[in-house]
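Please look over the model shown here before reading the notes, which are grouped by topic.

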Amino acid sequence: MRDIEISAATSIVVLTGAGISQESGLDTFRDAGGIWARYDIDDVATPEGFRRNPPLVHDFYNEQRREAAIARPNPAHVALAELEKAWPGRFLLVTQNIDGLHEKAGSKALFHMHGTLDGFLCEACGKRGPWKGDMSSASICPLCGTKGALRPDIVWFGEMPYHMPEIYRALGEADLFLSIGTSGTVYPAADFVREARQAGALTVELNLEASRRGHGLFDIEIEGKASECVPAFVHDLLKGRRP
Ligand code: NAD
């Protein structure tokens, strides 16, 4: 196993997925009974699906937005916000989640690589902005006034995730990479661990079950519920204990 010294200079990059929000009551995608067991990816998470049936796609994200609006961050979200606040070195949190729970927990150094439920993207003026409440084909762009051109500010399959240059720069300088609650099936996020390894980072996965056991991608695999293993891991890190 590779070894790193934990010090004030240690640069940390964290990637989170749907698993970190599961204990906040939000469904994951690929677990049994998850979102993809009930909906077809092509229908609700592609630009083509949106063009085919805008009301279906709006209904899908309206339901998710309503659920996310009442969800509360769990101890895993809170621990990451505390780590960011207390960490003397560089820290970046990259989330694939669109639910806004990291912000509710207080995270600031945060990129939503797949967009957010609390945003709109206007296909008429190309601009993005904050959005609250339901969206429909009758919604009006707050910026250009066009009716019927809004979509949720979500990165769909086949589209380029946000903030990629900044994320790759941080991965290239990382000393410690944490992957939390993600199945490692959606690219490019699934490759971040390889980027971090190439940069010499120690790579750690915290997940209910190791997602890619035997692939030699993670130096350390910690299995357990995010609400339990993430706070324990962060506590040790802040006490200066090596992972
Ligand atoms: P995924 O459903 O593919 O994988 C979830 C992972 O979390 C699995 O490996 C599972 O073992 C693990 N997990 C489940 N419950 C857990 C728990 N309590 N503690 C720790 N780990 C747990 O999700 P993914 O890898 O994030 O897939 C990527 C896509 O899912 C992204 O595009 C993202 O936008 C989307 N997504 C987001 C949300 C959200 O915003 N809350 C919800 C569903 C899907």
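A residue counts as buried under 20% relative accessible area, as exposed over 50%, and as partly exposed in between, with a 1.4 Å probe and protein chains only as cover. This is a predicted model, in which local features need pLDDT of at least 70 and side-chain atom pairs count only at pLDDT 80 or more, while totals for chains, interfaces and linings use all residues. Residues are numbered from 1 along each chain as its sequence is written, and side-chain values use heavy atoms, with hydrogens and water left out.

**Ligand site**

- A polar backbone atom of Ile98 is 2.7 Å from an oxygen atom of the ligand, and a polar side-chain atom of Asn207 lies 3.1 Å from an oxygen atom of the ligand.
- A nitrogen atom of the ligand lies 2.8 Å from a polar side-chain atom of Asp99.
- The protein buries 94% of the 850 Å² that the ligand exposes when taken alone, the accessible areas coming from the Shrake-Rupley method with a 1.4 Å probe.

**Helix α5**

- Helices (H or I, at least four residues) and strands (E, at least two) are DSSP runs, numbered from the N terminus.
- Helix α5 covers residues 75-86, and its 12 residues should span 16 Å at 1.5 Å a residue, which agrees with the 16 Å between its end C-alpha atoms; the expected span is 1.5 Å times one less than the number of residues.
- The N-terminal end of α5 is capped by Asn74, a side-chain oxygen of which lies 2.7 Å from the backbone nitrogen of Ala76.
- Buried in α5 are Ala76, His77, Ala79, Leu80, Ala81, Leu83 and Glu84, and these residues pack (heavy atoms within 4.5 Å) against β1, β2, α6, β7 and α9.

- His163, in the loop between β6 and α7, has a phi near 65°, a positive value in a residue other than glycine, and is partly exposed because its relative accessible area is 27%.
- Pro188 lies in the loop between β7 and α8, and the peptide bond from Tyr187 to Pro188 is cis, with omega near 5°.
- Leu202, in strand β8 (residues 202-207), counts as buried at 3% relative accessibility.

Conventions
A polar contact is a pair of N or O atoms within 3.5 Å; within protein, one must be able to donate a hydrogen and the other to accept it, and residues adjacent in sequence count only if both atoms are side-chain atoms.
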